[in-house]
Amino acid sequence: MATLLAVSALAQIQFPELTGRVVDEANLLTPAKEAEISGMLRVHEEATGNQVVVVTVQSLQDRTIEEYTVELGRFWGIGQEDRDNGVLLLVAPNERQVRIEVGYGLEGLLTDARASVIIQNEIIPAFRTGNRVKGIVDGVRGILAALEQEADTVSGVAPEKQKFALPPVIIFFIFILIIMSFLSFGRSSRRYSRSSRGWSSGGGFSGSSSGGFSGGGGSFGGGGSSGSW
Amino acid sequence: MISLIFGKLRSPLLLVGFAFVLTACDINAVPKFDEQVNAAWSQVENQYQRRADLVPNLVATVQGFATQEREVLQNVVEARAKVGQMQIPANILQNPDALKMFEQNQGALSSALSRLLVVVERYPDLKSNQNFLTLQSQLEGTENRIAVARRDYIAAVRDYNTELRTIPGKWIAAWLYPEAEIKPTFTATTDNADQAPVVNFNSGS
(Lines give C-alpha, C1' and ligand atoms only; values in the text may rest on other atoms or scores of the structure.)
Protein backbone atom coordinates (compact mmCIF):
# COMPACT_ATOMS: atom_id res chain seq x y z
CA MET A 1 0.00 0.00 0.00
CA ALA A 2 2.88 2.33 0.77
CA THR A 3 4.03 2.14 -2.81
CA LEU A 4 0.54 2.77 -4.10
CA LEU A 5 0.26 5.84 -1.93
CA ALA A 6 3.67 7.04 -3.05
CA VAL A 7 2.66 6.62 -6.68
CA SER A 8 -0.62 8.43 -6.22
CA ALA A 9 1.14 11.22 -4.35
CA LEU A 10 3.77 11.39 -7.04
CA ALA A 11 1.13 12.14 -9.62
CA GLN A 12 0.19 15.29 -7.74
CA ILE A 13 3.28 16.55 -5.93
CA GLN A 14 6.67 17.03 -7.52
CA PHE A 15 9.20 15.96 -4.92
CA PRO A 16 12.89 16.88 -4.97
CA GLU A 17 15.36 14.10 -5.58
CA LEU A 18 16.94 12.37 -2.60
CA THR A 19 20.54 13.38 -3.26
CA GLY A 20 21.89 12.78 0.23
CA ARG A 21 21.13 13.29 3.90
CA VAL A 22 20.81 17.02 3.26
CA VAL A 23 18.65 18.05 0.31
CA ASP A 24 18.99 21.81 0.04
CA GLU A 25 16.59 22.66 -2.74
CA ALA A 26 16.02 26.20 -1.41
CA ASN A 27 19.76 26.90 -1.14
CA LEU A 28 19.88 27.94 2.48
CA LEU A 29 23.19 26.21 3.26
CA THR A 30 26.73 26.58 2.01
CA PRO A 31 28.33 23.37 0.69
CA ALA A 32 30.60 23.33 3.76
CA LYS A 33 27.67 23.54 6.19
CA GLU A 34 25.82 20.95 4.18
CA ALA A 35 28.77 18.57 4.50
CA GLU A 36 29.03 19.27 8.22
CA ILE A 37 25.35 18.49 8.86
CA SER A 38 25.55 15.45 6.58
CA GLY A 39 28.48 14.20 8.64
CA MET A 40 26.55 14.57 11.90
CA LEU A 41 23.63 12.67 10.44
CA ARG A 42 25.83 9.92 9.05
CA VAL A 43 27.56 9.40 12.37
CA HIS A 44 24.18 9.18 14.06
CA GLU A 45 22.91 6.66 11.54
CA GLU A 46 25.99 4.50 11.90
CA ALA A 47 25.52 4.44 15.67
CA THR A 48 21.77 3.95 15.88
CA GLY A 49 20.42 3.01 12.44
CA ASN A 50 18.08 6.01 12.55
CA GLN A 51 17.86 7.91 9.27
CA VAL A 52 17.57 11.65 9.79
CA VAL A 53 17.24 13.82 6.68
CA VAL A 54 17.23 17.61 6.34
CA VAL A 55 15.22 19.09 3.48
CA THR A 56 14.70 22.65 2.34
CA VAL A 57 12.11 23.16 -0.38
CA GLN A 58 11.29 26.01 -2.73
CA SER A 59 7.57 25.44 -2.47
CA LEU A 60 5.06 23.29 -0.63
CA GLN A 61 3.00 23.23 -3.84
CA ASP A 62 -0.16 24.45 -2.12
CA ARG A 63 -0.15 21.63 0.41
CA THR A 64 -0.07 22.03 4.15
CA ILE A 65 3.43 21.42 5.44
CA GLU A 66 2.09 18.42 7.37
CA GLU A 67 0.74 16.74 4.25
CA TYR A 68 3.77 17.58 2.12
CA THR A 69 6.25 16.26 4.67
CA VAL A 70 4.52 12.97 5.40
CA GLU A 71 4.14 12.24 1.69
CA LEU A 72 7.77 13.15 1.03
CA GLY A 73 8.96 10.90 3.86
CA ARG A 74 6.92 8.00 2.51
CA PHE A 75 7.98 8.67 -1.08
CA TRP A 76 11.66 8.60 -0.14
CA GLY A 77 11.13 5.78 2.34
CA ILE A 78 13.26 7.38 5.04
CA GLY A 79 13.99 4.97 7.90
CA GLN A 80 14.45 1.22 7.90
CA GLU A 81 11.45 -0.72 6.70
CA ASP A 82 11.06 -2.92 9.77
CA ARG A 83 11.67 -0.13 12.30
CA ASP A 84 10.20 2.98 10.66
CA ASN A 85 13.00 4.96 12.30
CA GLY A 86 13.24 7.99 10.03
CA VAL A 87 13.03 11.70 10.86
CA LEU A 88 12.61 14.59 8.43
CA LEU A 89 13.43 18.20 9.23
CA LEU A 90 11.72 20.18 6.49
CA VAL A 91 12.15 23.93 6.01
CA ALA A 92 10.00 25.88 3.56
CA PRO A 93 11.52 29.39 3.60
CA ASN A 94 9.04 30.87 1.11
CA GLU A 95 6.06 29.75 3.19
CA ARG A 96 8.03 30.53 6.38
CA GLN A 97 7.17 27.15 7.84
CA VAL A 98 9.16 24.35 9.39
CA ARG A 99 8.25 20.80 10.39
CA ILE A 100 9.82 17.85 12.14
CA GLU A 101 8.24 14.62 10.88
CA VAL A 102 8.85 11.56 13.02
CA GLY A 103 8.54 7.95 11.84
CA TYR A 104 6.36 5.50 13.77
CA GLY A 105 9.34 3.82 15.39
CA LEU A 106 10.79 7.00 16.92
CA GLU A 107 7.59 8.62 18.18
CA GLY A 108 8.43 7.39 21.67
CA LEU A 109 11.84 9.11 21.72
CA LEU A 110 11.11 12.24 19.75
CA THR A 111 7.60 12.96 20.97
CA ASP A 112 5.37 15.64 19.51
CA ALA A 113 6.01 17.76 22.59
CA ARG A 114 9.78 17.36 22.28
CA ALA A 115 9.67 18.18 18.57
CA SER A 116 7.58 21.23 19.36
CA VAL A 117 10.11 22.43 21.95
CA ILE A 118 12.96 22.03 19.44
CA ILE A 119 11.07 24.06 16.87
CA GLN A 120 9.98 26.78 19.29
CA ASN A 121 13.22 27.11 21.24
CA GLU A 122 15.99 26.20 18.81
CA ILE A 123 14.81 26.77 15.27
CA ILE A 124 12.28 29.59 15.18
CA PRO A 125 14.21 32.15 17.30
CA ALA A 126 17.17 31.83 14.91
CA PHE A 127 14.94 31.97 11.83
CA ARG A 128 13.28 35.13 13.16
CA THR A 129 16.63 36.88 13.32
CA GLY A 130 17.33 35.74 9.77
CA ASN A 131 19.97 33.18 10.72
CA ARG A 132 18.63 30.15 8.92
CA VAL A 133 21.87 28.19 9.02
CA LYS A 134 22.01 28.40 12.81
CA GLY A 135 18.36 27.43 13.07
CA ILE A 136 18.87 24.33 10.96
CA VAL A 137 22.08 23.27 12.70
CA ASP A 138 20.60 23.78 16.17
CA GLY A 139 17.45 21.98 15.11
CA VAL A 140 19.47 18.99 13.92
CA ARG A 141 21.45 19.00 17.18
CA GLY A 142 18.19 19.04 19.13
CA ILE A 143 16.76 16.15 17.13
CA LEU A 144 19.92 14.06 17.49
CA ALA A 145 20.13 14.85 21.21
CA ALA A 146 16.55 13.68 21.69
CA LEU A 147 17.21 10.47 19.78
CA GLU A 148 20.55 9.71 21.42
CA GLN A 149 20.18 10.89 25.00
CA GLU A 150 17.01 9.01 25.71
CA ALA A 151 17.97 5.91 23.79
CA ASP A 152 20.08 4.97 26.82
CA THR A 153 17.38 5.46 29.41
CA VAL A 154 14.11 4.79 27.63
CA SER A 155 13.42 1.13 27.14
CA GLY A 156 11.78 -0.10 23.99
CA VAL A 157 14.61 0.24 21.50
CA ALA A 158 17.14 -2.05 23.11
CA PRO A 159 14.86 -5.11 23.56
CA GLU A 160 13.83 -4.85 19.94
CA LYS A 161 17.45 -5.11 18.90
CA GLN A 162 17.85 -8.32 20.86
CA LYS A 163 14.73 -9.72 19.30
CA PHE A 164 16.28 -9.36 15.87
CA ALA A 165 19.67 -10.71 16.91
CA LEU A 166 21.10 -12.99 14.23
CA PRO A 167 22.16 -16.52 15.00
CA PRO A 168 25.95 -17.02 14.86
CA VAL A 169 25.78 -19.19 11.74
CA ILE A 170 24.15 -16.41 9.75
CA ILE A 171 26.63 -13.85 11.06
CA PHE A 172 29.46 -16.13 9.95
CA PHE A 173 27.83 -16.49 6.53
CA ILE A 174 27.46 -12.71 6.14
CA PHE A 175 31.07 -12.29 7.25
CA ILE A 176 32.22 -14.66 4.50
CA LEU A 177 30.09 -12.77 1.97
CA ILE A 178 31.61 -9.46 3.00
CA ILE A 179 35.12 -10.82 2.68
CA MET A 180 34.31 -12.24 -0.73
CA SER A 181 32.85 -8.95 -1.91
CA PHE A 182 35.92 -7.07 -0.69
CA LEU A 183 38.14 -9.46 -2.60
CA SER A 184 36.21 -8.93 -5.79
CA PHE A 185 36.13 -5.15 -5.29
CA GLY A 186 39.88 -5.21 -4.78
CA ARG A 187 40.26 -6.82 -8.17
CA SER A 188 38.42 -4.09 -10.01
CA SER A 189 38.54 -0.80 -8.18
CA ARG A 190 36.71 1.00 -10.95
CA ARG A 191 33.53 -0.90 -10.30
CA TYR A 192 33.78 -0.20 -6.60
CA SER A 193 33.99 3.56 -7.00
CA ARG A 194 31.11 3.60 -9.42
CA SER A 195 28.80 1.48 -7.32
CA SER A 196 29.46 3.38 -4.13
CA ARG A 197 28.89 6.83 -5.56
CA GLY A 198 25.40 6.80 -7.02
CA TRP A 199 22.62 8.39 -4.97
CA SER A 200 19.34 6.67 -5.28
CA SER A 201 15.96 6.56 -3.67
CA GLY A 202 13.61 3.81 -2.73
CA GLY A 203 16.25 1.11 -2.86
CA GLY A 204 17.58 -1.06 -0.12
CA PHE A 205 18.93 0.28 3.12
CA SER A 206 22.51 1.42 2.92
CA GLY A 207 24.68 4.01 4.55
CA SER A 208 27.32 2.45 6.72
CA SER A 209 30.76 2.70 5.19
CA SER A 210 30.05 3.80 1.65
CA GLY A 211 29.05 7.35 0.75
CA GLY A 212 25.81 6.31 -0.90
CA PHE A 213 22.54 7.05 0.83
CA SER A 214 19.02 5.92 0.16
CA GLY A 215 15.81 5.47 2.07
CA GLY A 216 15.27 2.10 3.69
CA GLY A 217 11.53 1.92 3.07
CA GLY A 218 10.36 3.36 6.38
CA SER A 219 6.94 4.91 6.77
CA PHE A 220 5.36 7.82 8.62
CA GLY A 221 2.04 8.29 10.35
CA GLY A 222 1.93 12.03 10.93
CA GLY A 223 3.85 12.27 14.21
CA GLY A 224 5.95 15.34 14.92
CA SER A 225 5.37 19.05 15.12
CA SER A 226 5.24 22.14 12.92
CA GLY A 227 5.80 25.83 13.38
CA SER A 228 5.97 29.06 11.42
CA TRP A 229 7.96 32.25 11.75
CA MET B 1 -13.81 -30.40 -8.21
CA ILE B 2 -12.70 -29.84 -11.80
CA SER B 3 -15.88 -31.31 -13.21
CA LEU B 4 -17.83 -29.01 -10.91
CA ILE B 5 -16.11 -25.92 -12.28
CA PHE B 6 -16.45 -27.04 -15.86
CA GLY B 7 -20.04 -28.00 -15.26
CA LYS B 8 -20.75 -24.48 -14.14
CA LEU B 9 -18.86 -22.74 -16.90
CA ARG B 10 -20.34 -24.14 -20.05
CA SER B 11 -19.98 -21.03 -22.10
CA PRO B 12 -16.63 -21.06 -23.88
CA LEU B 13 -16.43 -17.30 -23.54
CA LEU B 14 -16.53 -17.60 -19.76
CA LEU B 15 -13.97 -20.37 -19.92
CA VAL B 16 -11.59 -18.11 -21.80
CA GLY B 17 -12.30 -15.38 -19.28
CA PHE B 18 -11.64 -17.71 -16.41
CA ALA B 19 -8.33 -18.85 -17.86
CA PHE B 20 -7.35 -15.24 -18.45
CA VAL B 21 -8.21 -14.34 -14.89
CA LEU B 22 -6.21 -17.22 -13.48
CA THR B 23 -3.10 -16.53 -15.49
CA ALA B 24 -2.98 -12.76 -15.77
CA CYS B 25 -4.41 -11.60 -12.47
CA ASP B 26 -3.96 -11.84 -8.79
CA ILE B 27 -6.86 -13.91 -7.52
CA ASN B 28 -5.95 -12.84 -3.98
CA ALA B 29 -6.27 -9.14 -4.76
CA VAL B 30 -9.71 -8.76 -3.18
CA PRO B 31 -8.81 -10.19 0.25
CA LYS B 32 -5.47 -8.37 0.15
CA PHE B 33 -7.11 -5.00 -0.41
CA ASP B 34 -9.71 -5.95 2.18
CA GLU B 35 -7.01 -6.50 4.78
CA GLN B 36 -5.41 -3.18 3.88
CA VAL B 37 -8.73 -1.46 4.45
CA ASN B 38 -9.04 -3.17 7.84
CA ALA B 39 -5.52 -2.15 8.81
CA ALA B 40 -6.12 1.44 7.73
CA TRP B 41 -9.35 1.50 9.70
CA SER B 42 -7.63 0.24 12.86
CA GLN B 43 -5.23 3.13 12.55
CA VAL B 44 -8.15 5.57 12.25
CA GLU B 45 -9.81 4.22 15.41
CA ASN B 46 -6.48 4.09 17.19
CA GLN B 47 -5.69 7.75 16.51
CA TYR B 48 -9.17 8.94 17.45
CA GLN B 49 -8.80 6.98 20.69
CA ARG B 50 -5.47 8.67 21.30
CA ARG B 51 -7.16 12.04 21.00
CA ALA B 52 -9.99 11.02 23.32
CA ASP B 53 -7.37 9.97 25.89
CA LEU B 54 -5.78 13.42 25.79
CA VAL B 55 -9.01 15.29 26.46
CA PRO B 56 -9.40 14.73 30.24
CA ASN B 57 -5.89 16.08 30.91
CA LEU B 58 -6.45 19.01 28.62
CA VAL B 59 -9.76 19.89 30.27
CA ALA B 60 -8.21 19.62 33.75
CA THR B 61 -5.34 21.91 32.79
CA VAL B 62 -7.52 24.53 31.14
CA GLN B 63 -10.02 24.44 34.02
CA GLY B 64 -7.33 25.56 36.44
CA PHE B 65 -6.74 28.78 34.53
CA ALA B 66 -9.91 29.59 32.63
CA THR B 67 -12.64 29.16 35.20
CA GLN B 68 -15.06 31.43 33.30
CA GLU B 69 -15.16 29.21 30.25
CA ARG B 70 -17.47 26.66 31.82
CA GLU B 71 -19.72 26.34 28.79
CA VAL B 72 -16.92 25.70 26.32
CA LEU B 73 -15.35 23.16 28.64
CA GLN B 74 -18.72 21.51 29.20
CA ASN B 75 -19.12 21.09 25.45
CA VAL B 76 -15.78 19.36 25.20
CA VAL B 77 -16.59 17.03 28.11
CA GLU B 78 -19.96 16.13 26.62
CA ALA B 79 -18.57 15.50 23.15
CA ARG B 80 -15.81 13.39 24.69
CA ALA B 81 -18.39 11.39 26.65
CA LYS B 82 -20.43 10.77 23.53
CA VAL B 83 -17.34 9.49 21.71
CA GLY B 84 -16.53 7.26 24.66
CA GLN B 85 -20.01 5.79 24.96
CA MET B 86 -20.37 5.06 21.29
CA GLN B 87 -20.42 1.34 20.62
CA ILE B 88 -18.51 0.76 17.42
CA PRO B 89 -20.17 -2.21 15.71
CA ALA B 90 -17.83 -4.89 14.41
CA ASN B 91 -19.23 -4.48 10.92
CA ILE B 92 -18.79 -0.71 10.82
CA LEU B 93 -16.94 -0.98 7.51
CA GLN B 94 -20.00 -2.60 5.91
CA ASN B 95 -22.38 -0.21 7.61
CA PRO B 96 -22.57 3.32 6.18
CA ASP B 97 -24.93 4.51 8.94
CA ALA B 98 -22.59 3.41 11.72
CA LEU B 99 -19.67 5.06 9.95
CA LYS B 100 -21.67 8.25 9.60
CA MET B 101 -22.54 8.20 13.30
CA PHE B 102 -18.91 7.61 14.21
CA GLU B 103 -17.87 10.51 12.07
CA GLN B 104 -20.53 12.84 13.46
CA ASN B 105 -19.52 12.15 17.04
CA GLN B 106 -15.82 12.60 16.29
CA GLY B 107 -16.62 15.75 14.31
CA ALA B 108 -18.51 17.17 17.29
CA LEU B 109 -15.46 16.59 19.47
CA SER B 110 -13.25 18.22 16.82
CA SER B 111 -15.29 21.40 16.77
CA ALA B 112 -15.66 21.51 20.58
CA LEU B 113 -11.88 21.22 20.88
CA SER B 114 -11.24 23.90 18.29
CA ARG B 115 -13.55 26.30 20.16
CA LEU B 116 -11.66 25.53 23.36
CA LEU B 117 -8.35 26.34 21.69
CA VAL B 118 -9.78 29.66 20.50
CA VAL B 119 -10.95 30.85 23.93
CA VAL B 120 -7.63 29.76 25.42
CA GLU B 121 -6.04 32.66 23.53
CA ARG B 122 -7.49 35.02 26.16
CA TYR B 123 -5.43 33.50 28.98
CA PRO B 124 -1.74 34.40 28.74
CA ASP B 125 -0.91 32.51 31.95
CA LEU B 126 -2.38 29.35 30.51
CA LYS B 127 -0.65 29.83 27.20
CA SER B 128 2.73 29.97 28.88
CA ASN B 129 1.99 27.01 31.15
CA GLN B 130 4.42 24.19 30.35
CA ASN B 131 1.87 21.48 30.93
CA PHE B 132 -0.57 23.16 28.60
CA LEU B 133 2.05 23.66 25.89
CA THR B 134 2.90 19.96 26.04
CA LEU B 135 -0.76 18.97 25.78
CA GLN B 136 -1.29 21.44 22.97
CA SER B 137 1.55 20.00 20.91
CA GLN B 138 0.32 16.46 21.60
CA LEU B 139 -3.18 17.40 20.53
CA GLU B 140 -1.86 19.05 17.40
CA GLY B 141 0.24 16.00 16.58
CA THR B 142 -2.71 13.70 17.16
CA GLU B 143 -5.00 15.74 14.95
CA ASN B 144 -2.39 15.44 12.23
CA ARG B 145 -2.13 11.67 12.76
CA ILE B 146 -5.91 11.47 12.45
CA ALA B 147 -5.73 13.37 9.17
CA VAL B 148 -3.06 10.99 7.86
CA ALA B 149 -4.98 7.90 9.03
CA ARG B 150 -8.14 9.16 7.35
CA ARG B 151 -6.32 9.83 4.09
CA ASP B 152 -4.80 6.34 4.21
CA TYR B 153 -8.20 4.83 4.91
CA ILE B 154 -9.78 6.69 2.01
CA ALA B 155 -6.96 5.53 -0.29
CA ALA B 156 -7.29 1.90 0.89
CA VAL B 157 -11.06 1.92 0.35
CA ARG B 158 -10.56 3.46 -3.08
CA ASP B 159 -8.19 0.63 -4.05
CA TYR B 160 -10.57 -1.99 -2.69
CA ASN B 161 -13.67 -0.55 -4.32
CA THR B 162 -11.86 -0.07 -7.62
CA GLU B 163 -10.82 -3.72 -7.53
CA LEU B 164 -14.42 -4.78 -6.90
CA ARG B 165 -15.82 -2.60 -9.65
CA THR B 166 -13.36 -3.23 -12.43
CA ILE B 167 -12.71 -6.32 -14.49
CA PRO B 168 -11.19 -8.79 -13.71
CA GLY B 169 -11.56 -8.06 -9.99
CA LYS B 170 -15.31 -7.90 -10.45
CA TRP B 171 -15.43 -11.43 -11.91
CA ILE B 172 -13.04 -12.86 -9.36
CA ALA B 173 -15.11 -11.39 -6.54
CA ALA B 174 -18.33 -12.76 -8.03
CA TRP B 175 -16.88 -16.27 -8.23
CA LEU B 176 -14.63 -16.52 -5.22
CA TYR B 177 -15.60 -13.75 -2.79
CA PRO B 178 -19.37 -13.32 -3.15
CA GLU B 179 -19.52 -11.72 0.33
CA ALA B 180 -17.30 -8.80 -0.73
CA GLU B 181 -19.17 -5.51 -0.87
CA ILE B 182 -18.36 -1.94 -1.78
CA LYS B 183 -17.17 -0.19 1.39
CA PRO B 184 -18.24 3.25 2.59
CA THR B 185 -15.63 5.92 3.12
CA PHE B 186 -15.39 9.27 4.90
CA THR B 187 -17.41 12.21 3.74
CA ALA B 188 -16.99 15.73 5.01
CA THR B 189 -20.63 16.21 5.89
CA THR B 190 -20.50 17.71 9.37
CA ASP B 191 -19.12 21.19 9.91
CA ASN B 192 -15.34 21.14 10.05
CA ALA B 193 -15.36 17.35 10.06
CA ASP B 194 -12.29 17.40 7.89
CA GLN B 195 -10.50 20.20 9.68
CA ALA B 196 -8.16 19.93 12.60
CA PRO B 197 -8.38 22.61 15.28
CA VAL B 198 -6.13 25.46 14.27
CA VAL B 199 -3.22 25.80 16.65
CA ASN B 200 -1.47 29.04 15.99
CA PHE B 201 2.02 29.37 17.38
CA ASN B 202 2.53 32.88 16.10
CA SER B 203 0.02 34.92 17.99
CA GLY B 204 1.55 34.60 21.45
CA SER B 205 5.00 35.99 20.85
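**The interface and a surface patch**

In this predicted model, the rule finds four salt bridges across the interface of chain B and chain A. B:Arg151 takes part in a salt bridge with A:Glu71, where the closest N and O atoms lie 4.0 Å apart. The interface of chain B and chain A also has four residue pairs in polar contact, with both residues at pLDDT 80 or more.

Next comes the extent of the interface. The size of an interface is often given as the accessible area lost when the parts come together. Between chain B and chain A, the buried area is about 1800 Å², and carbon and sulfur atoms give 45% of that area. In terms of residues, 22 from chain B are in contact with 26 from chain A.

Now turn to a surface feature of chain A. A nonpolar surface patch of about 720 Å² is made by A:Phe172, A:Phe173, A:Phe175, A:Ile176, A:Leu177, A:Ile179 and A:Met180. One of these residues, A:Phe173, is found in helix H7 of chain A, which covers residues 168-187. Is A:Phe173 buried or exposed? A:Phe173 counts as exposed because its relative accessibility is 54%, and the cut-off for exposed is over 50%.

Key
Residues are numbered from 1 along each chain as its sequence is written. Chains are lettered from A and ligands numbered from 1 in the order in which they are written. This is a predicted model: local features need pLDDT of at least 70, side-chain atom pairs count only at pLDDT 80 or more; totals for chains, interfaces and linings use all residues. Side-chain values use heavy atoms; hydrogens and water are left out. Patches are made of residues with over 30% relative accessible area and no salt bridge: like charges are joined within 9 Å, nonpolar side chains (Val, Leu, Ile, Met, Phe, Trp, Tyr) within 5 Å. Accessible areas come from the Shrake-Rupley method with a 1.4 Å probe; for residues, only the protein chains shown count as cover. A salt bridge is a side-chain nitrogen of Lys or Arg within 4 Å of a carboxyl oxygen of Asp or Glu. Helices (H or I, at least four residues) and strands (E, at least two) are DSSP runs, numbered from the N terminus. Buried means under 20% relative accessible area, exposed over 50%, partly exposed in between (1.4 Å probe, protein chains only). Contact means heavy atoms within 4.5 Å. Buried area is the accessible area (1.4 Å probe) that two parts lose on being put together, summed over both. A polar contact is a pair of N or O atoms within 3.5 Å; within protein, one must be able to donate a hydrogen and the other to accept it, and residues adjacent in sequence count only if both atoms are side-chain atoms.
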